[in-house]
Amino acid sequence: MAIDPADLQVSDVLVVGAGPAGAAAALAASSAGLSVTLLDEARQAGGQVYRALPAAFVVDDPKALGPEFLAGEALRSSLRASAVDCRFGRRVWLLRRDNDLGFVADAVADGRSERYAARALILCTGTTERSLPFAGSAQPGIIGLAAATILLKSQRILPGRRTVVAGAGPLLAAVAAGIVKGGGEVAAVVDLNSRLDWAKAGLGMLGRPDLLLRGAGWMRRIQAAGVPWLWRHTITAAEGDETGVTAVTVAPIDAAGHCTAGGGERRFEVDAVTVGHGLVPATEFLRALGARLEWNHGNDCWQPVKDTFGRTSIAGLYVAGDGAGVAGAAAAEVGGEIAALAAVDDLKPGAGRQITPALRRRQNAAARFGRASIGLTRVRSGLVAVMPARTIVCRCEDVSRGTLDEAFGEGARNIGQIKAWTRCGMGPCQGRMCGETLSALASLHGIARETFEPMVGRAPARPVEIGCLTGVPDYESIPLPPSLPSS
């Protein structure tokens, strides 16, 4: 890939990800006098939680769009008023270390390649949704809870006319309430947790009464619409064809996710399903850079090794937000600010503000809420154990649970062997969608999840068109050899 050296954009600090953590980090580093470049694939800052509306949308009453939209608008306004070099619409596909430049990022934007470099890199890349497959889950019309929030928040589009909302965690209520508010019908909310599970989690959420009140508002809206909330249930199968899902069957489960004896199955006719089983840190760039990871037993996932300021195992590399450990938007914003102040202190000692006890208290209060939430989304082994052999685990390479079971049975013990024997995780998503399920399957074959190493991060971290990297050749200018004389 050829990039003119004059096009290299160099700054003191490079921030990847413009959600709450990335925006706060960029603002804090910039206010300390450092040059900051902020990269994000979206056209505006805000990330998943503070997602902006498309520029063509006209908003008559911003307050009607809720507190998260208002918080996002405030963040975007602060960025516009700052000296931060905001580069939105940039898809970063490669991050690497460079002896002279520090860190280098390659991105594509509007069909052309760009390159950025900085002495310090703050990764605020958020999360990946954990979605455990079930029989029929690869059909059109079945999407993640996070994807549903994008439709509802950004495009004001319903997932379908009649939707089942399923899985675990606070996103259930957020999505169901959003569908009802948008005029859609929620056939049922299918929750892996019991009322008691929620009551226990609620104790850890008491430090954020504002968020509890918001959740109570969602529940009132759902109840007023007469939506049945099925506690400790799961989807066991989806029906449909190539045109989309038409129905789902749900059943009661025990605490480990196993279907309970005695029946209780119910069937709902639907044209859409949104389902998710929690969020895990997006670590593909950290893995590509060689940063150390550790197993989080509370959230059943890998997360970066870091100190309390967001410094990773690599000098000059910082991490903040849910990509550092899922704790929610409020904690992400404070974490971004703290990581930036640490970066400023490392690059230019004494130039930044001090990390005060009040800032730490804000972070800790917000993180307690987040930790209580992720406790609801731990992986239930029973959900994986009952998955039929024909269930597709790796959609990119069309690899079924049965194929993976066979590989484990023949002696595969690590991710390298699984990839070589089955091609699971070798598609364009590089295991982002199937990695969690694969790890859970490994545990059923006697391999502890904390010993089953995650997939190696490789470029391109995100799919990019080859023409963006090579340019479009001018075929008329390609010299051709003369034609052979006719005999």
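I began with Arg232, which is partly exposed at a relative accessible area of 23% (buried means under 20%, exposed over 50%, partly exposed in between, with a 1.4 Å probe and protein chains only). I then noted that this is a predicted model, in which local features need pLDDT of at least 70, side-chain atom pairs count only at pLDDT 80 or more, and totals for chains, interfaces and linings use all residues. Residues are numbered from 1 along each chain as its sequence is written, and side-chain values use heavy atoms, with hydrogens and water left out.

**Backbone entries**

I looked up phi of Arg232 and found a positive value near 45° in a residue other than glycine. I placed Arg232 in the loop between β11 (229-230) and β12 (233-241); helices (H or I, at least four residues) and strands (E, at least two) are DSSP runs numbered from the N terminus.

I looked up Arg423 as well: its phi is positive, near 75°, and this residue too is not glycine. Arg423 sits in the loop between α12 (415-422) and α13. I logged Arg423 as partly exposed because its relative accessibility is 40%.

I checked the peptide bond from Ala459 to Pro460 and recorded it as cis, with omega near 0°. Pro460 belongs to the loop between α13 (435-444) and α14.

**Surface patch**

I found a nonpolar surface patch of about 390 Å², made by Tyr475, Ile478 and Leu480. Patch residues have over 30% relative accessible area and no salt bridge; like charges are joined within 9 Å, and nonpolar side chains (Val, Leu, Ile, Met, Phe, Trp, Tyr) within 5 Å. A salt bridge here is a side-chain nitrogen of Lys or Arg within 4 Å of a carboxyl oxygen of Asp or Glu. I located Ile478 in the segment after α14 (466-470). Ile478 counts as partly exposed because its relative accessibility is 39%.

**Second largest pocket**

I read a volume of about 490 Å³ for the second largest pocket. Of the 26 residues that line this pocket, I listed the closest to its centre: Lys306, Gly325, Ala327, Gln363 and Ala367. A pocket is an open set of points on a 1 Å grid where a 1.4 Å probe fits, with protein on both sides within 12 Å along at least five of seven lines; lining residues have an atom within 4 Å of a point.

I saw that α8 (329-347) and α9 (357-374) each supply at least two lining residues. The most come from α9, with six. I sorted the lining into 12 nonpolar, nine polar and five charged residues.

Technical notes. Points joined across faces, edges and corners; volume = space filled by probe spheres on them. Nonpolar A, V, L, I, M, F, W, Y, C, P; charged D, E, K, R; others polar. Areas by Shrake-Rupley, 256 points an atom, 1.4 Å probe, with all protein chains shown as cover.
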